[in-house]
Each structure stands twice: as C-alpha cells, then as structure tokens.
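Subject: Structure handover

Hello,

Here is the structure for you to look at. My notes come after it.

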Amino acid sequence: MSVYPQGPPDSQEPPDILESPQGARGPRLGVDEWVARRAGRREYLPSWLGGVQRALERIGWWPRLAVAGLIGVVLPSLGLGGFQLQVGIDALVIALLAVGLNIVVGWAGLLDLGYIAFFGFGAYAFALLSSGQIGSAGIHLPAYASLPAVVIAAAFLGLGVGLPSRRLIGDYLAIVTLFFGEAFVEFTNNVDSTKLGGPNGITTIDPIRAFGAQLTTNAGYYYLLVIVLVVIMAVLRRLETSRTGRAWRAVREDPLAAASMTIPVNRVKLMAFAGGAMVAALAGTIYAAQQASVFPTDFDTPILILVYAGLILGGAGSIAGAAAGALVVMVIYDGLLRNPTYAGYLFYGLILLTLLARLRPWRRLAGVLAATVALGFAAHAIAAAISNSAVAAGSQSGWLAHHWVIVPASPQTAGNWGFVVLICTLIALVQVGSRWRTVLLVPTLYLASFVWETRLIAEPSITRQLMIGAILIVMMNARPQGLLGQRRVEVAL
Amino acid sequence: MSQEPAREPVLALDHLSLSFGGLRALSELDLQVGDREIVSVIGPNGAGKTTVFNVITGVYPPNSGDVRFGGASIAGRPSHVIARLGIARTFQTLRLFQNMSVIENVMAATYGGTKATPAESILRLPRARREEREVRALAEEVLSFFGQRLAGYRWDQPAYSLSYANRRRLEIARALATRPRLLLLDEPAAGMNPAETHEITEVIGRLRDEREVAILVIEHDMHVVAGVSDRVVALDHGVKIAEGGFDAVASHPAVVEAYMGRHPEELAEEH
C-alpha cells in the first residue's frame with residue numbers, strides 16, 4: 001500500500017525541457033510573453049504629447065537632473081520679484097525635506113511622522129552655533145564647521161529615535177514618531193528659554209558665513225538651495241542604486257524575506273532614519289540662516305503635512321518625484337493661493353480641466369458648460385432686478401462676480417449657507433444616477449463658484465488647505481502613484 | 001538512492017522542540033542533511049514542516065535542542081546572520097520584493113556578502129565599484145541558471161509582472177545569490193502545472209550537481225519527492241514518524257495513517 005495513488009512513478013527521465021525549448025514535448029516558451037512585454041504596450045498620451053513623452057523617456061536620469069538644475073539657476077534672471085524669490089526659497093527647503101523623507105517613507109517604508117523634528121533640530125542647532133545665545137560672547141562658528149557638526153549630530157539623533165522605534169511598524173511607528181515630533185515643539189517652547197528663546201524663538205542668527213564671505217541676499221540663498229538640492233538628489237540617486245538602496249527597498253517590500261536574504265533589517269532601518277535626519281537637518285540649517293530666526297511653531301505639524309503632501313503628490317519612492325511634488329505643492333500653496341486672482345485661476349482652471357478630462361461625450365460637456373454659463377447670467381440678472389444689495393459686493397471685485405456670480409452685500413452668512421448646501425449637493429452628486437448627475441452638475445458648479453467668490457476667496461488660509469486637499473484627491477484618482485512615481489503593487493499576489 | 005552520510009552533516013537538528021503557547025509544534029526532532037544531499041520533508045498540513053524551516057532560519061528560536069550548521073550551533077541567532085553563514089530559503093507563499101526589478105531582487109540578496117559603506121557607494125570608490133560589478137555578474141549568472149525562463153529582457157521588469165512559475169524560479173535565483181551551502185525549498189512545485197513540475201524536479205537535481213548545495217525540500221507533489229530525494233523524512237504533529245528512502249517512507253504504516261487518518265490494515269479490512 002502506498003500513499004502514492006498510481007504507484008511509484010516510472011523511472012523514465014523527465015523531458016529535457018531546458019535543452020530543447022522548441023521541442024515538441026517541452027512546454028511552449030513565452031506563454032507569459034504578453035506580461036513580459038508590458039513596457040512596450042504601455043499607453044502613451046494621444047497625438048504629439050505621446051511623442052514628447054517618448055522623447056522624455058529616452059533622456060536618462062542624470063541629464064534630466066542637470067536640465068532641472070539649469071532651469072532652477074536660470075529662473076531668477078527671468079525677473080522674479082522679492083515675493084516670488086521667497087516662495088522659491090520656501091519651496092526648495094520643502095523639496096529638500098521631501099527628498100530626505102523619501103528615504104524613510106518612500107524607500108524604507110517607515111511611516112515617520114516625527115520627521116519635521118529633525119528639520120527643527122537642524123535649525124535650532126545652527127541657531128545656537130551661530131548666534132549670541134550661548135555664553136557671553138555667543139558662538140559664531142563658520143558654516144564649514146557648523147553645518148557638518150549639525151548634520152552629524154542629526155544623524156545620531158536619528159539613530160536615537162530609531163533605536164526604540166526599530167521594532168515598530170505601521171501604525172505604531174507612526175504614532176510614536178508623531179509623539180517625538182510634538183515633544184520637540186514642546187521642548188523648544190518650554191525648556192531653558194534664555195537659550196532657546198521659548199515661544200519667542202531665536203531671532204539673531206548669523207547668515208551662512210565661510211572664509212570671510214557672508215550669504216545675506218535672498219538670491220544668494222536661492223542659488224545655494226538649488227545647488228544643495230541638486231547635489232543631495234545626485235547623492236541619493238547613487239545611494240538608491242547601491243546595496244544600501246536595494247536593502248532599504250527590500251525591507252520595505254518584505255522584512256522577513258529581506259532578513260532571510262542576509263539583510264540586517266534593524267540596522268538598515270536605522271540607517272534610513274539617520275539618512276533622513278541628516279537631509280532634514282541640512283535643510284534646517286539653511287532655513288534658519290535664511291530666515292535669521294527660528295520659532296517653535298515653524299517646526300510643527302503644518303510643515304509636516306506640506307512635506308508629506310509634496311512627497312505623495314510627486315510619488316513616494318522617486319527622488320525626482322519627491323522634489324517635483326514638493327515644488328508644485330509649495331508654489332501652489334505659497335505662491336498662487338495667497339493671491340486671490342491667481343487662486344481664482346487655479347480654482348476655475350482645476351474645475352474646467354476636471355470637466356474636460358472626465359465628462360464624455362463632448363455634447364454633454366458642452367451642454368453642462370453652456371447651461372452653467374446661462375444659469376449664472378440668468379440668476380445674476382434676476383437677483384439684480386429684485387434687489388440691488390443682492391449683488392452689491394460683486395461690483396468691486398472681478399468681472400466674473402460683477403456679471404455672473406451673485407455676491408450679496410454681506411457675503412459671509414450667504415456664503416456659509418452656500419458652503420453647507422454645496423457639500424450636500426456634492427454628496428448627492430456622488431449618489432445619484434448618471435442622468436441626474438449631469439443635471440445636478442450645473443447648479444453644483446454655479447454653487448461652487450458662489451461659495452468661492454463669497455467665502456473662500458476671503459479666507460485664503462483655509463482655502464489653501466482645502467485646495468491642496470482637493471488636488472491630492474484628484475491626483476489619487478487620476479494617478480495614484482504620483483506625478484513621477486512608479487505604480488506599485490501592495491498586495492502579495 | 002540513499003547515501004550514507006560519510007562526513008559531518010551540513011545541517012543537524014538535535015532534539016529540537018518548539019511550542020507556541022500550549023501547542024507543541026515540534027518535539028524532539030532529529031534531522032541531518034549531508035553534504036550535497038537532497039532530503040525531502042513530507043507530512044500532512046500542519047505537521048510542522050514550515051516550522052522546521054522557520055527554526056532553522058532563525059525566525060523562531062527553539063525552546064530546546066540545537067541546530068548545528070557546519071558543526072557550529074546556530075540556534076537562536078538572527079535570520080540575516082544565519083543566511084550569511086550559508087543557509088538560504090524560498091517561501092511557500094512567495095515573498096519576492098514585488099516592486100523591485102528582477103535583477104534587483106537577486107542583487108539585494110548579496111547585501112551580507114558585500115561591504116561597501118553608503119559613503120563609498122555615493123563617492124563610487126573602488127571597492128564599491130568592484131562589488132557592484134561582481135554583484136551584477138553574480139546576479140546575471142544565477143538568473144541564467146534558469147535559461148530562457150528569466151532571460152535578459154526580464155531583468156529590468158518589476159517582479160510582480162512575472163508569471164507565477166517565474167516568480168518561483170526567481171525566488172530560487174534570489175536564494176542562490178546568497179551563495180548558500182544549504183538551500184531550503186518550501187514547496188517549490190506548489191501551483192505549478194505538470195510540465196513546470198517536471199522542470200522544477202530537474203532544477204532541484206541541477207542545483208545539487210551544478211551549484212553544489214545540500215537541499216532540504218518540503219513538497220507535497222510525490223512525483224517531485226520521488227524524483228529528487230536521497231532521503232525522505234515524514235513529520236506528523238511535529239514528530240518524525242518515518243525516515244529513509246522514498247519507497248520505504250511512502251508505504252510506511254505510520255505515514256499512511258498520518259495522511260489517511262487510519263492504520264492501513266484497518267483501511268484494508270473495510271474494503
């Protein structure tokens with residue numbers, strides 16, 4: 001009696017498959033060819049855009065970085081004003097933070113919500129080493145001494161935070177590191193206010209100074225940041241394709257398999273923490289020197305959210321994506337959304353683009369647009385005929401509010417109610433069937449414009465957050481891997 | 001088929017026991033794998049086969065007993081150290097680095113065998129460049145072990161785009177990149193079609209002959225077990241119930257009982 005149902009297998013040799021791949025008995029090779037050639041089947045954009053896409057793909061990583069760096073250097077000579085230059089500086093600082101965060105989150109897969117504390121540590125450490133805060137005469141180290149000292153200290157701080165966290169994964173790591181980030185803000189707020197300044201911060205920080213030269217202009221800091229960002233990206237690119245980079249990604253993909261493949265998982269995680277901390281601290285030093293002041297609130301959760309928004313928008317796991325995403329987010333957030341006119345362009349542009357991309361067939365798109373325009377003019381004319389105060393406030397602002405959107409004399413109350421109704425209609429829009437959705441879209445669009453003109457435009461700080469949120473929602477639906485990210489499979493197949 | 005273990009066995013499990021709470025997963029297990037020997041572990045589901053692999057590779061430290069590899073005890077050492085010493089494994093449920101390219105999957109497994117620091121890699125110092133060249137060559141070599149199956153144009157594709165059978169092959173290639181002396185294969189033929197199963201049988205033989213590794217293989221497909229094994233060990237409830245050549249073990253009453261739930265003579269009486 002044998003467990004083998006058909007008796008012991010015949011002693012005949014198995015077919016020599018590998019030697020004769022085309023042989024009649026061997027399996028047909030290339031059954032998964034269709035899967036294998038997927039890169040060639042990838043869809044490109046239609047018409048000439050696809051050609052541009054193909055051409056861009058042929059350019060290697062390094063030439064692209066060089067071109068991006070050149071654009072960054074040339075940009076100020078196109079006549080950027082003081083405000084634009086400041087936006088550029090802030091955007092570059094956040095981009096530097098995002099490429100550092102990409103090590104921890106994008107490569108090692110560790111959800112580190114305390115990351116911004118390393119940025120703060122770099123800024124405060126530089127501030128202490130380059131101001132009159134410590135001792136009677138203060139410490140005024142030149143940059144070539146203070147920058148390396150701060151960055152190396154940050155690496156050790158990264159190890160210190162990583163050590164207790166190295167066995168934590170996922171939610172636990174996120175919440176523990178979030179505590180760490182908040183602890184940093186509390187620390188700077190409350191501990192030794194003669195040295196750290198408490199809530200008033202440190203406001204007498206030297207500029208970056210080396211070999212008798214000082215960096216005092218915003219243009220100077222802009223160029224410095226462009227160069228530092230390009231260098232850090234180059235460094236990270238070399239790391240990404242080295243054994244360290246592969247180990248980081250292997251740990252992200254499957255820690256157990258990584259450990260079985262000779263990778264010391266905990267040490268590799270610690271290296272990611274330290275690497276991210278070093279980049280963040282470097283960004284902090286330049287930030288502190290440029291601002292000439294640091295405050296605890298500069299290193300709180302809002303900045304963390306911006307960095308994460310940039311990283312996710314650009315594509316976690318991609319250096320170029322992290323930098324590009326952060327630049328886009330910051331230029332929109334800091335540059336465009338502060339100015340009501342630009343913010344309006346962005347708002348209406350985003351709505352139009354979404355409609356253009358999603359609404360088919362063209363007849364329906366044209367119908368919805370025409371109906372919305374008609375509804376606006378009709379509503380405005382009727383409201384103006386009934387009571388002049390119903391459209392009073394519109395006459396001061398732009399053309400749109402003057403002729404199309406109803407902006408009453410006291411827009412606040414009406415705008416608040418409009419906001420509530422808008423949210424209800426948006427929910428209804430998602431719930432109803434296709435035909436009613438088209439019909440409901442028209443008043444919804446008009447209502448959105450109404451809320452924008454009455455309320456949102458008057459509250460830029462809230463509007464900015466909402467807009468970044470809206471952009472991320474659109475992005476997640478249109479391109480979940482981010483601007484420059486690679487599509488990833490999350491579930492083990 | 002059976003070879004007498006002439007020298008010190010590559011791997012020796014000595015009275016190995018492991019409990020999860022009240023559940024005794026392994027008890028007093030003895031097992032040897034000789035140099036370039038292929039030993040199969042069979043047994044019904046839940047018999048503790050994969051647990052044996054997990055204890056050998058350091059995923060679980062044993063409660064008692066010892067694991068000796070090349071004469072030295074490795075019980076309780078961390079997984080990456082054990083892998084570095086020369087024990088590589090594949091997984092029953094595939095555990096590839098899905099979002100890395102095929103060749104990166106293999107190159108990642110050389111981490112323990114290389115030494116370049118991050119600074120050396122960034123500056124492309126000589127040691128980093130040399131290691132990178134060697135690692136690339138090693139990866140290409142182990143991938144070419146599977147001939148056309150993992151041919152060059154697949155190297156830069158993400159691992160998730162491979163077919164199921166190719167993922168199993170890639171797992172073996174990745175394990176080979178750690179330069180093992182002992183290879184643990186956890187159901188290498190699971191989910192394969194008959195032709196692919198034949199191929200994997202042949203591959204296991206070639207691994208021993210060409211790569212000169214000892215192999216411990218868990219397998220349910222008796223074609224494969226019969227085709228490759230020098231020795232077969234049967235487990236049930238964490239206890240070794242039979243050991244020897246395939247035919248002897250396959251017809252051993254305890255093995256039949258473990259699989260069928262009845263003693264073979266009782267079964268025969270019923271019919």
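Below are the conventions, then the findings.

This is a predicted model: local features need pLDDT of at least 70, side-chain atom pairs count only at pLDDT 80 or more, and totals for chains, interfaces and linings use all residues. Residues are numbered from 1 along each chain as its sequence is written, while chains are lettered from A and ligands numbered from 1 in the order in which they are written.

Helix crossing. In chain A, the axes of helix 11 (residues 243-253) and helix 13 (residues 265-291) come within 10 Å and cross at roughly 110 degrees. The two helices are therefore roughly perpendicular (65 to 115 degrees). Helix 11 of chain A contributes A:T244, A:A247, A:W248 and A:V251 to the contact. Helix 13 of chain A contributes A:V265, A:V268, A:K269, A:M271 and A:A272. Contact requires C-beta atoms, placed from the backbone, within 7 Å.

Helix 16 of chain A (residues 340-358). Here A:A343, A:G344 and A:F347 are buried (20 or more other C-beta atoms within 10 Å of the residue's own). They cover an arc of only 110 degrees around the axis, so they sit on the same side of helix 16 of chain A. They pack against helix 15 (319-336), helix 20 (434-454) and helix 21 (460-478) of chain A.

A:L97. This residue is in helix 5 (residues 82-107) of chain A. A:L97 counts as buried because it has 30 C-beta neighbours inside 10 Å. Its C-alpha atom is separated by 8.4 Å from that of A:G276, 179 residues apart along the chain. Not counting residues up to four places away in sequence, A:L97 touches A:F119, A:A280, A:A283 and A:V307.

Best wishes

Terms used
Axes are lines fitted to C-alpha atoms, for helices over the stretch in contact, and angles run from 0 to 180 degrees between N-to-C directions. Helices (H or I, at least four residues) and strands (E, at least two) are DSSP runs, numbered from the N terminus. Angles under 35 degrees count as roughly parallel, over 145 as roughly antiparallel, 65 to 115 as roughly perpendicular and the rest as oblique. Two residues are in contact if their C-beta atoms, placed from the backbone, lie within 7 Å. A residue is buried if 20 or more other C-beta atoms lie within 10 Å of its own, exposed if 12 or fewer, and partly exposed in between; C-beta atoms are placed from the backbone. The arc is that of the directions from the helix axis to the C-beta atoms.
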